[in-house]
Amino acid sequence: MNLVDPAQSAANDVGVERQGSIAIEVRNLHKRFGATYALRGVDLVLKGGCVHALLGANGCGKSTLVKVLAGYHSADSGEIIRPNAVGETSIAFVHQDLGLVGPLTVTENLAFATGFQTRMGAIKWAEEHRRAERILQEYKIDCSPREAVSALGPAEQTMIAIARAMSSLPTRGGVLVLDEPTARLPVNEADRLIQLVRLLKTRGVAVLYITHRLDEVLQLADEVTVLRDGARVHCGPIQSLGRNELVRLIVGKNVETIKHVARSTKSFGSDLLAVADLSGQRVQQVSLSIEPGELLGIAGLVGSGRSELGRLIFGLQRPTSGKITFQKEDLINHSSEDAVAGGMGYVPQERAKGIFGGLSVEENTILANLQSVMARFGVSTSRSKQAATDVVSQFQVKAESLDVPIEALSGGNQQKVSLGKWLRRNTKLMILDEPTQGIDVGARTEIFHVIRRLARERGIGALVLDSDLDILAEHCDRVLVMARGRIVKAFEGAALTADAVRLAVYGH
Amino acid sequence: MRFLFTAVSKYGLVVGLIIMIAAFSIAKPDAFPTFANAGSILSDSAVLSLVALGIMLPLVVGHFDLSPGFVASLAVMLTAGMLSRNQLPWPVVLLIVLVVGASIGAIMGTLVAHLELNSLIVSLGVGSVVSGLVLMYSEGQIIFQGIPKSFVKLGQTRLFDFMPLPFIYAMVVAVVMWFVLSMRPGGRRLYAIGSSPEAARLIGINVRRYVLISFVVSSVLASLAGFVQVARLGAGHPTSAQSLLLPAYAAAFLGATAFRPGFYNVWGTFFAVYLVGAGTTGLFMLGGESHVQPVFNGALLILAVAVARLGVIRKSKTMAKRAEAMLHQREETRQHGDGPDCPAPILLSTDKSPKRA
């Protein structure tokens, strides 16, 4: 999608990236931030028409590398070589924050990158919409140019952001950096994005693809680079690597893949939660039960009604019919306030809604249970500190101090606090909506280990709504598959494997 | 050095106040640094401090109450009217005035909390209606006759020839508010709501109730301010309280730069009010005309917001630097946290009204 004048497009043809030729090369990049060594002699070669995956636990230097490429940081030493550079804009970025303007239309968002066409000072709207329509068709994005971006689903939004980035690249070739483009997308929506990236490959674009999702890497990438602690520990074609090897490279040791921790034989009673014929907007006649100490996973594609199920049970949404029985009491028209008072906890899908960003870590941990930190007249500073320290140590939250605003913490640590605060109350049932979204492998395991330990020790039950089927298969005692609002399959025991669940999810 | 810097920014207001007093004392050594003058400043600003403390509560939960000037004016006229025309005893008048204030606050609170209307517009609209009521009741006249001496004593007595009673009232209110906001669970929840109403709802806080209460308290304090004003002046002026709005906000914003930087807080607001009061009095003494006051208030408001914003910018830069440094820390145990991925939304949002200064 090139709208430069003919003279410049002639120059472009001279610098056309042929398939497989080097688009950009990074050599021996070093970067320090004070005492910390972010990049240690990192090399990277991106070739036209190739998808190069960049993997690594965060803190490994991925983000720094991207920022150096973007010009946000300047490296201490090393080179970035562009053999065919034409102008300054031959690298385009799509960051995690897409940078689209929600209330404005697709046409406007695309036109901001290329410039509006005007006649006598006024925008030629018809022309603009037609141009946007062409772009949408080219990238096979299913929406209308006149729609507001905020009305689109996350997959469409990401694709529009990619289309916009592409418009600043020459017609063939260029480098596109995609920073966790599928982090917010459920697995099936991610497929559409993967198709788009494959399309870009045919245009000779060199794609640097940063992700935590190993499935995508195995599906899409041609080459992979793994960073660890600022150094490159692997680089090569994807063919030779399997999932486990990738994990080992990223984490540096074998991640335990215990399929199931044996459920504690200690009985906590029965029927923590019983749901009978529950219906909402999407949810249709769902029945399930959770026992104390049990982790029940719910798998399903977007639109299956998973999130809504969680909201219905927690009281954020009114069911249209059905019954919810919690701890042997029927819940009728309950609000989230009632649910919390009754012993439920909820970790929402959007991480920002589960924490109080501007408040300190300490404040975040105590707000869910202020009664427990009271002294005679009011909140006791010593008890408050103690409570916060307990949560931080129990969940291994990495924070500079208890007084920093929680938004200064990394996403994984924020999530740990968001979860941990519930466990200061007498919470009996946790509802977790995509709890490990955007968190890397190590932190995910940590979080679930804690949840499982608490389930064993305290008899806390958990409803885990997630699209990461491996997580569900590995950590949950039972997994239900939802499709179009109904439960279609149940797995437990030996039959509960990631592949079996995947088949059921996609097979419906 | 860093300790000094944080100390100065945390107590900057106190320092600013001291410097200002010193400067005016040097400029007008006969008039400014006297007990009589100090008493006047304390008395003048007492009414403003009540209003400022009042509007602080909606600010804490993320809303704006632009009605206190009008509500205070209504209280002024009701107080003066009921004392002089109806000859009611002042405790009864006080009760009536506070109940009227509470009702107005409840109306605004309901519209904002339950109907989710924009607080700026609701408070402006309700305030406008109230100002009409004031005109109706007063017919534009100042009430200066018939106000009993026993009542005026409440506003004009100075303990030990120095400390005016209105200042004591304001002090009491400030102490109570400080206690509730910093020590009581309710106070913590208010700040939680201000930080994120959605997250607050998710941990079982009744957001609507707290928002409603914040508007009720704001209007009650505005009414109390009007009541005290009549006691101080011995007369009821229908529009005198309307000019309190801007300086009250200036004080609240300025206050958020000290004591608990980044958050609206009681002592910051309180000291800011007296900074404004001392400054205005000093400028008058130096020969400033009546136009000095609104110019000073306006300039101070802009300065307050600018300083607060710079503080936030500096803080987020420091935080970003810290986050990066933490990110790359060498650890003995594996570091598993994520990079500073934005918890921010994917889309650029239009600027929302500030939850905190």
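Predicted model: local features only at pLDDT ≥ 70, side-chain atom pairs only at ≥ 80, totals over all residues.

User: OK, what's the secondary structure of chain A?

Analyst: Chain A has 16 helices and 22 strands. Those are DSSP runs numbered from the N terminus, with at least four residues (H or I) for a helix and at least two (E) for a strand.

User: And which domains does chain A get?

Analyst: Domain 1 is 23-90 + 177-255, and domain 2 is 273-507. The bounds come from an automatic or database domain assignment. Their C-alpha centres lie 32 Å apart.

User: How much of chain A is buried?

Analyst: Buried residues are 49% of its 508 residues. Buried means 20 or more other C-beta atoms within 10 Å of the residue's own, exposed means 12 or fewer, and partly exposed is in between, with C-beta atoms placed from the backbone.

User: Which residues touch the most others in the largest nonpolar core?

Analyst: Leu463(A), Leu50(B), Val51(B) and Ala252(B), in a core of 176 residues. A nonpolar core here is a set of buried Ala, Val, Leu, Ile, Met, Phe, Trp, Tyr and Cys residues joined through C-beta atoms within 7 Å. Helix H11 (residues 207-233) of chain B gives the most to this core, 16 residues. There's also a second, separate core of 69 residues, including Leu46(A) and Val94(A).

User: What is Leu463(A) in contact with, beyond its neighbours within four places in sequence?

Analyst: Among its partners are Ile290(A), Leu296(A), Gly310(A) and Leu432(A). Contact means that the C-beta atoms, placed from the backbone, lie within 7 Å.

User: Switching to chain B: how do H8(B) and H13(B) cross?

Analyst: The axes of H8 (residues 165-183) and H13 (residues 266-285) in chain B come within 9 Å and cross at roughly 150°. That makes H8(B) roughly antiparallel to H13(B); the label needs an angle over 145 degrees, with under 35 being roughly parallel, 65 to 115 roughly perpendicular and the rest oblique. Axes are lines fitted to C-alpha atoms, for helices over the stretch in contact, and angles run from 0 to 180 degrees between N-to-C directions.

User: Which residues meet there?

Analyst: Ala174(B), Met177(B), Trp178(B) and Leu181(B) from H8(B) meet Val266(B), Trp267(B) and Phe270(B) from H13(B).

User: What about H3 in chain A, which residues are buried?

Analyst: In H3(A), residues 106-114, the buried ones are Val106(A), Thr107(A), Glu108(A), Asn109(A), Leu110(A) and Ala111(A). They pack against strand S6 (100-101), helix H4 (125-138) and helix H5 (154-166) of chain A. Gly115(A) follows H3(A), with a positive phi near 100°.

User: Where is Glu434(A), and what's its phi?

Analyst: Glu434(A) sits in the loop between strand S19 (429-433) and helix H14 (441-458) of chain A. Its phi is positive, about 50°, although Glu434(A) is not a glycine.

User: Buried or exposed, that Glu434(A)?

Analyst: Glu434(A) counts as buried, because it has 21 C-beta neighbours inside 10 Å.

User: And Gln87(B), buried or exposed?

Analyst: Gln87(B) counts as exposed, with 9 C-beta neighbours inside 10 Å. Gln87(B) is in the loop between helix H4 (68-84) and helix H5 (90-113) of chain B, and has a positive phi of about 55°.

Technical notes. Residues numbered from 1 in each chain as written. Chains lettered and ligands numbered in written order. Contact = placed C-beta atoms within 7 Å.
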